[in-house]
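The following note concerns the ligand and the residues that surround it. Please read the points alongside the sequence and the structure.

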Amino acid sequence: MELIPHVIDGRETESRDGARFPTVDPYTRRPWAEAALGGRDEAALAVTAARRAFDEGPWPRMGYAERGAILHRLADLMDAHLDELALADTTDMGKPVADTRGKDVPRSASNIRFFADHARLSAAEAFPMDSGHHAYTRFEPAGVVAAIAPWNFPLMLETWKIAPALAWGNTVVLKPAEQTPASASLLARLALEAGMPPGVLNVVHGHGPGSAGEALTTDPRVDRITFTGESATGRAIAAAAAANLTPVSFELGGKGANLVFADADLDLAVSWSIKAIFTNAGQVCLAGSRLYVQRDIYQEFVDRFTAAAEALIAGDPKDPATQFGPLASEEHHAKVTSYLDTVPADGGKIVTGGPGEGLFVHPTIVLDAPPTARVCREEIFGPVAVVTPFDTEADAVAAANDTPYGLNAMVFTENLSRAHRVSAALRAGTVWTNCFFIRDLRAPFGGVGDSGIGREGGTYSREFFTEPKAVVMAV
Ligand code: NAD
């Protein structure tokens, strides 16, 4: 069986003890490859390599243009290996190849290009002082970055972390999710081919608690931890990082509210609402899992939304026509279906969807669930939309904000004043009006409350991945 290796100090390696773990294709439910199973030793070796590459190597000392050229070569190589990278994520997690090939891998390459250019073109601050002194800011790389990633957008979220870290001159140890190891090793191989010095981008495979992941969060030689994953894991990592006062950036769970007003363009609202909850089988932190629809159009919306959900093409993720794949793993399938079991007892009803063949859960719509129902309060991370009517704008905003999460929200209205007013009133890191998932990489990305700590994107990434230094000169 194919081996997915660690990449440490420029070399593809197995673990010291030769341990491996199977990576399972959720569509066939059979292992399709084995990954090297790293633990504390491999994490420590990778940090040693990254530390040496940072303290002694050329990467942090290069000009932005030279580093940028290597990053651009990497992005070009990702384009050239589009099929291989797309297939790696599709096979590891069951995401339709139409999405990995059409969106995730191109967006991953564009993450790399964007941050290469952003770092090169960033202007530094300068402050001519009344006293005649001159103060300016140097954005110096922070050092060794531990990047810990989830399985739902493997390559895309890994590059979202790695690209700014590298562009600003840091070195990186990446730990991909154990469900999706394949694309990360390919990426590290391509980085070496692009001319990135050994030790600059290291990949260690393994688990979180008591394993490679936890080792990265407690290693005092790590200068930054950037993590995307569950809020509960964020709490564990924050506690681990506290011992060394290591700065963290967290992108965590969500329970996105999607507000559809009676004055909305209904075609637009239905089509974006479908994408917002059923893309990637709902395994999206930004998923619009709580839909609030104004009562005048509630029934019409529900009818059209249900018909569109039932029309999604489920099937083999490797078939380019497939729009909807299985859930990513046996454990995750068990978690999502356990939420469906709570619906009747909590007072709701499932009008379409539910478990299908294998690891499929069909696009599921729940009506009549009270706000206290678990499907309304907890992140299911699956294709389950709860639709609830509302009467007034104030009711809609109150319902949307009634959550410990605050990653994102959507508003559908043709009333411009309402769009601005509601966007301001929603407690969320991102609000989309009459669209969803559109990103400008210069804008802040992150969440409030249980959805995260800090922001990444553009200058927000620069603040996190550098140590801004003030220099004050007498003139
Ligand atoms: P997870 O928290 O279970 O795992 C994420 C990563 O953390 C994995 O690599 C895992 O091995 C590692 N990990 C687990 N415990 C650890 C520990 N104690 N120390 C160090 N590392 C540890 O999350 P997941 O199931 O892979 O991903 C799904 C979650 O991610 C959902 O909650 C989703 O909302 C969230 N997510 C958030 C965003 C965002 O941008 N806010 C994006 C994607 C996913």
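1. A polar contact is taken here as a pair of N or O atoms within 3.5 Å. In this predicted model, an oxygen atom of the ligand lies 2.9 Å from an N or O atom in the side chain of K175. For the side chain of E178, the corresponding distance to a ligand oxygen is 2.7 Å, and a polar side-chain atom of E251 is 3.3 Å from an oxygen atom of the ligand. The protein buries 92% of the 850 Å² that the ligand exposes when taken alone (Shrake-Rupley method, 1.4 Å probe).

2. The ligand is surrounded by 31 residues (a heavy atom within 4 Å), the closest being A149, E178, T233, L252 and E379. This shell comprises 15 nonpolar, ten polar and six charged residues, with Gly counted as polar.

3. Domain 1 (2–252 + 448–474) and domain 2 (257–433) both contribute to the shell, so the ligand lies between them. The domain bounds come from an automatic or database assignment.

4. Within the shell, α7 provides the largest share, three residues.

5. Residues are numbered from 1 along each chain as its sequence is written. The model is predicted, local features need pLDDT of at least 70, side-chain atom pairs count only at pLDDT 80 or more, totals for chains, interfaces and linings use all residues, and side-chain values use heavy atoms, without hydrogens and water.

Technical notes. Polar contact = N/O pair within 3.5 Å; in protein donor to acceptor, adjacent residues only side chain to side chain. Helix = DSSP H or I, 4+ residues; strand = E, 2+ residues; numbered from the N terminus.
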